[in-house]
Structure formats: structure tokens, C-alpha cells
Amino acid sequence: MYTNHSKLSEFQYDKLGNDRSSVKHSLSNRLIYSMGKDPITATHRDWFHTTAYTVRERLIERWMETMRSYYQSDVKRVYYLSMEFLTGRLLSNALLNMGFYEECREALCDLELDIERIRELETDAALGNGGLGRLAACFLDSLATLSLPGYGYGIRYEYGMFTQRIENGNQVEHPDNWLRYGNPWEFPRPEVLFPVKFNGRVVQYKDEHGQVRFHWVDTEDVMAMAFDTPVPGYDTSTVNNMRLWSAKASRDFNLKYFNEGNYIKAVEEKNESENLSKVLYPDDTTEMGRELRLKQQYFFVCASLQDILRRMIKYHPDLDELPDRVAIQLNDTHPSIGIPELMRVLVDVHHLDWDRAWSITRRTFSYTNHTLMPEALETWPVRLFEEILPRHLQIIYEINFRFLEEVRHRFPGDVERLRRMSIVDEAGGRRLRMAHLAIVGSHHETAASAIHTDLMKKTIFADFDQFFPDKIINITNGVTPRRWLHQANPALSALITRRIGEKWVSDLSELENLVPLAGDPSFRKEFRDVKRGSKERLAEIIRMRLQLDVDPASLFDVQIKRIHEYKRQLLNVLHIITRYNRIREGRAKDPAPRTMIFGGKAAPGYAMAKLIIKLIHCVGDVVNNDPLVENRLKVVFIPDYNVSNAEKIIPACDLSEQISTAGTEASGTGNMKLALNGALTIGTLDGANIEMMDEVGRENIFIFGMTAGEVSALKAEGYHPWDIYNANAELRQTLDMISSGYFSPDAPDRFRPIFDALTGYGDTFMLLADYEAYIACQERVDALDQDQEEWSRRAVLNMARMGKFSSDRTIREYADRIWGVKPVMRKG
């Protein structure tokens, strides 16, 4: 039990005020004493760091008090393990959550500085790629806002994934050196250092009691050093912690090699060790990339578990209490190696018997699944595990043996079931199924939406649902309204607050009070004015960055997400080409002008996704420069999609494209963010689109295409995209333009692989099957766009009915149903 030390009670420090004068005084002090500059020599970047330090020192007070309160209350804590935390910029978020944004803006203004210019100098933390990492960041925000004792654990990537640049229409990856100017928000903790072992061999022996024990020896060791970032909640004194691990060599320098003049060899070990935290998701199309990726996963999980156990054992040495003191959430399968790692620690280090250790482990972990596609479920070659984590492979084999014995007793003689449920996939080269390991080794598996839950139970995890009834449960994802409305869209946020008050920022269900205002012409007019302002700002960004003029009066049709075939950016392109042909040939039924906006990165090794990016640019080059089209259609690809770019695009969106093949998207959160900012959705009955439709009403969302059941049925009976191609003249014309080189006259066969994938190789994600319905749905969009009063009425209703999709609601459900943690309330 935590007790206050006398020296802490006597420790005195200045409490910092948040008023304008105090903030201004802090800014002056930080510029001089932290930056070593005066106002004459200070650059705007110096002022950014000065402002960040001014905010940070106020965060620190609350942060330390929060940490002490958790010890004093002796509460159960939740640890969120994730390979990604896509936090975005932190300055505005911290100021808004702590409630002194205006005071800071005014203090900077007194110093003749513009807060907008200063905050634009902050670099996005390159700690994630897409929805997985952004969801994790939303969850940390909600944990703090709800005063729940929660911690995030991940990797401090030095270069992140990559910076995307577009060169001649091609994605080109460049290092994302986000730490170039330092990170004012993090606190290095060189004293928090843990060894992480790799390779080596396992020695079996008997202890003094005759018990068989295992010792992992002759290992290659890397050190994990902690970097802490405070995470403030909104309108609360709670500030939680995100702890990220950086790889450090166990030996920095080999003096023998240095003295021999071999300077490269002298630091080789250091460089190899520290590569572990260099880059997010190394290209796993190579053997070296796969090895590095597996090492990354174990590296951060091993360090995190050592830290978690150290913290608990300090005050509660009885390991049987672990599930009552600690809840560990695995964000997808990346951290699932934590299950055999905890077993290794309990059995090999603390010498617990297997059954006792397994009970503790299963009651400690829970797992969130983020994919429905079998090919996307993570697996690892047994051979790779045997080389890098030999003891863990033994433990996984033992877990699998004991689990399959239980299955065999329940379903005697069912060999096929044993094969399907085994953690080890024996077909086509022996591989470890990490999702199976996560399910077997945790007390609950959560899905990200209602349809995701239903399909998991009926398809990829049907056997496990039958074996573990009630283990798979639905907790629909959500987004934080602080980041995605209050911060990203201050004009709309202010409009909402003027009409219904500010409670919605921490209780999104309050937006329901906007429903009557959807029928108020004056409110709709104010809403349209706010939207127009956002579109004008985005149009200026597009003009400055891409030298392309777009009309803010046009309908901004937006698809911003990771580039992947199942997300069907290609279906969007088919619509653009069809629309282009109709305009050129005079067949368009007086369509309203459209600006088609894309954003997203393709994985470096994903050739088809990169070809789709090239096609978008080539189609854009033709469409944007055709005098017959004029301003009726524009195509824009905004490079290097990240949180900060999303905050500029989302408020300007009129139409949100959520068009993945039904049954492929677990949830999606971009759909929620865009609707929350007053966009109408065009989408399939996939992921959270279904629940959004239930909330807003089918008449207020554009739904098209097959259901997940219809997709499965069509695949089962035999899907023939070539027949659809031949039967639909407009589709045939569109695809022929792609395949013939119309958009690539310099290389006529460049896009032939796309044509072949859609017609000759099975059209895996059924674009052609949904094409006609999609085009018809887009015509309904055009018709509604002619009536701006009705469009804005529906947009306001969409916004008003997004209350369910707050990450606060999601986290409350996790806290109550999965983790068993309670808020720790204290006076601010």
C-alpha cells in the first residue's frame, strides 16, 4: 500500500496559474531559462517549444498528483498495449483539455505572436499509420477524461512509418524524421531500463525439489528505455501516462575494435540493437523485415510487462492478485506475444506451476480484433519463432497441446475442428496463428462493431464462439469529440456551444439537443456558413500545396483512409471516370460541381495500392485539364495523410465515402469523425455504417450495394465479373479507358493489372458487382445536392445523432464489462 513519505509532504513548489498574466510570465521564463533565447534572437520554432514547455509544466503538476492518487487509492489499473498511438499534435489538445487556450492565445498576442502560426510548427508524432493508432489515441484521451487509471504502452519510433511524397503521380516514401527538432512533450526516463532477450537456446534442468525448469541462455540482449508523455483529460485534473520504449544497446561501444581502427565494427552492435525502434512496420515482404517486425512486437511487450509487474509487486507481491490489480488490453494481435511472455515470467522466473500461471494469465489479458479477413490475421513462421524466441515457442506448443486436449474431450473424433482451432497451422508451412493464441489466452475478445461481432461468430472464429460461449462481445468503437470536433472544427464547435451549451464536449449524447434545430432555417444557415468557411480554408491549402484551384461552392466528396483494395478507392475512381464521360458526352443530368478528395498511404510493399494512387493522379491530370469539364469535376490527392491533415479535411467534407465491401471493415472511425462534422455518408452496410444508419435513420444516409450475406452467397454460387463487364456499357467504357492507356498514353499498359484484377482474376472485393448500385446512389446524392436546405437539415441530424460514437461511451463499456476498473476522482 502506498504511503506518503515525510520528505514529500515538506517538498514545496510553485503552483502555476492559468490566467493570462501568469501564462505570459511563464512564456518569458521558458524562453530564457529553457530555450536559452531572448525575444530578439528567438525564432517561431523557439516560441513553439517555449509555449509547449509553458503548457507542459502545468501538465506536470496534475500528472504527478494523478499518479500519486492511483497509489494512494490502491486501485486496479488498465494497461493498453498497442503498436501504434497516432496522437497528432498535442499543443492545442492540451490547452483545450486543460481549459486555458484563450488565456495562452492572449498571452502570446501580448508578445506579438500568433498562436495559429506557432501551433502549425508542431510536427505530428510519427507513432502510427491509420485507424488502429488513432483509435488507441482516442482511447487514451477518454481514459483520462473519465478519470480512469489507464496507461498506454508502445514504441517510440524514431522515424515512424514514412513521409509520403508524390513524384510524377507515384507514392515515394521518405523517412519521417519527426524528432528532428526534439519533442517537448516527452520525458526521457533513463532510470527505467529493462533488458529484452532474443535468440539463444533453452536449457532444461531439475531444481532442488525435482521440478523440471527451463532457463533461456546465450541470448542477445537489447535494453528498453522509457519515454513518458502526459495525457490530459478534458475538464478534469486527471493526467494519465503514455509510456513508449526506445531500444538501446546493452553495450554502446566495443573498445577492442575501435583501438584496432575498425570504427564501423566498434558501433555495429549498438546500431543493430537500436534499429528495433527506428521505423514503424518495416517492410515485411523481406525476411529481414519480418524478423525486425517480430522483434519489435516482443521488445515493447516484454519491457511493458516488466514495468507492469515491477509496479504491482512493489506493493502487492502476491502474483495471484495480478488479475485483480491489473487489466491488460491487447490492441489487435501485435502484442499477443504478451501471453506466452507472462507465462514465461510466472513459470520460469517466479516458479509458479503451470495451471496457476495459466489461470492468472487468462484472467489478466483481453484482446480486441480489428479485421474480418482471414488473410489479414497475423501469423508467424514456426522457424522464425524458433530462432528468435525459442522459449516462447515451447510455451505456445504447451498452450496449444493443453487447449486441443480440451477441444478433443468436447468434440471427440472431430479432427477437422482440431485442425481449424489449433494455434499452429500445419498447412503450407507451419505457422503460428496469433489471433488464436490471443483468444485462447484471454478472458474476452472484443469486436469493433455489431456486424463485426456477428461475422466473427459466424465465420473466422465460429469454432471458438461455440467452444467459448459469450467470450466474443461487441463494444462498438468511438472517437473523441475533443480532438475531432472541439479542436478540429472550432467554428462548428462554437456554433453548437452557443445553441446547446458546452456539456457535449464531455457528453456527446448532448448533441441530441440539436435535433430540433435541424428544422430551424436560421441554424441551418449558420451551419452552412461554417461549412463554407472550412471548405474555403481547405481550398486555399490545396491551392498552396498542389497549385490546383478548386471551387468551395462545389460538393466536397472525400475518401481519406489507408489505401487498400478492400476499402475500394478504386470503386470511387470508376465513378469519377463514369462521371467524366457523362460530362464530356453531354449525358450528365445537370450534376452539381464535385471536388473528389483523396488522402491515404499505401504500404511500401503493396504494389496494387501504389498503382491505385498512380491511377488517381493520372485520372486527375486528365480530368482537371479538360476544358470540356471546366469546374464541374476536379480530382485532388492530398499527400501525406496524417492527423493534422485530417483536421483540415474533415470539417470541409460534404460527402463521406465509406464504401468498403460489406463484411470486410471491422468498424471504421473515419465515418464517425466525418459525420460528427456534418458530412453525409455514402456507404455500404459494413462496419459501423450499419449502426450509424440505425442512429441517423436510413433516409439520412446514402446506402448502396450488397450486404455481407449477399456477398457470401454470390461468392458461393460463383461470381463472374466478366459477365458484368460485358453487360454494362458504361462500366465497359470506363474499364476500357483504364486498360487501353487513355489515362497513361506514355505507358498504355501501365494500368492493365487493375483491369485484369477486376475482370480476369475474380474481382476479390466485388467492385463490379456493386458498381451499378454505387452509380445510382451517386445520382441520389446529385439530386439532394440541388436542395441545400434539405441537405443541411440531414447533415445537422447526422451530427446530432452521433452521441453513441464517442470513445467515452466505448471506454465506459470496456471499464464496466472487460477491465473492472473504476474512476479515481479527486479535487482539481
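User: Is helix α32 (residues 752–759) largely enclosed by the rest of the structure or left open, and how many of its residues are buried?

Analyst: This is a predicted model. The buried residues of α32 are I754, F755, D756, A757, L758 and T759. Helix α32 has eight residues and is largely enclosed by the rest of the structure, because the number buried is six.

User: Which helices do the buried residues of α32 pack against?

Analyst: The buried set includes I754 and T759. Their partners are helices on both sides of α32 in the numbering: α24 (569–584), α25 (607–624), α30 (721–727), α31 (729–740) and α33 (767–785).

User: How are α22 and α23 oriented to each other?

Analyst: Helix α22 (residues 490–500) packs on helix α23 (residues 521–546) with the axes 9 Å apart and an angle of about 160°. Angles over 145 degrees count as roughly antiparallel. The two helices are therefore roughly antiparallel.

User: Which residues make that contact, and what is its make-up by class?

Analyst: From α22 come A491, L492, L495, R498 and R499, and from α23 come S522, F523, E526, F527 and V530. The crossing of the two helices is right-handed. By class, the contact has six nonpolar, one polar and three charged residues.

User: Where is E536, and is it buried or exposed, or in between?

Analyst: E536 belongs to helix α23. Its C-alpha atom is separated by 39 Å from that of R243, which is 293 residues away along the chain. The relative accessibility of E536 is 40%, so the class is partly exposed.

User: What is the relation between α7 and α35: roughly parallel or roughly perpendicular?

Analyst: The axes of α7 (residues 131–145) and α35 (residues 807–819) come within 9 Å and cross at roughly 75°. The range from 65 to 115 degrees counts as roughly perpendicular. The pair is therefore roughly perpendicular.

User: What residues form the contact of α7 with α35, and how do they divide by class?

Analyst: Helix α7 supplies C138, F139, S142, L143 and T145, while α35 supplies S807, D808, T810, I811, Y814 and W819. The division by class is six nonpolar, four polar and one charged.

User: At what angle do α3 and α4 cross, and what is the handedness?

Analyst: Helix α3 (residues 44–73) and helix α4 (residues 91–98) have axes that come within 10 Å and cross at roughly 40°. That angle makes α3 oblique to α4. In α3, F48, T51, A52, V55, R58, L59 and R62 meet L91, A94, L95 and M98 of α4. The crossing is left-handed.

User: Which strands stand at the edges of the open sheet?

Analyst: The sheet has nine strands with mixed pairing, in the order β5-β8-β9-β2-β1-β10-β11-β15-β16. Each edge strand has a single partner, so one side of each is left without a neighbour in the sheet. The edge strands are β5 (187–198) and β16 (472–474).

User: Which residue of β9 does P230 stand opposite?

Analyst: Strands β8 (residues 220–232) and β9 (residues 239–249) run antiparallel and are joined by 11 bridges. Opposite P230 stands N241.

User: Which strands does helix α14 lie across, and at what angle to β11?

Analyst: Helix α14 (residues 354–364) lies across β10 (326–331) and β11 (365–368). Both strands are part of the nine-strand sheet. The angle between α14 and β11 is about 45°.

How values were computed: Residues numbered from 1 in each chain as written. Predicted model: local features only at pLDDT ≥ 70, side-chain atom pairs only at ≥ 80, totals over all residues. Heavy atoms only, no water. Pairing = 2+ DSSP bridges. Helix = DSSP H or I, 4+ residues; strand = E, 2+ residues; numbered from the N terminus. Contact = heavy atoms within 4.5 Å. Axes fitted to C-alpha atoms, helices over the stretch in contact; angles between N-to-C directions. Buried < 20%, exposed > 50% of the residue type's maximum accessible area, 1.4 Å probe, protein only. Parallel < 35°, antiparallel > 145°, perpendicular 65-115°, else oblique. Left-handed = near helix turned anticlockwise from the far one by under 90°. Nonpolar A, V, L, I, M, F, W, Y, C, P; charged D, E, K, R; others polar.
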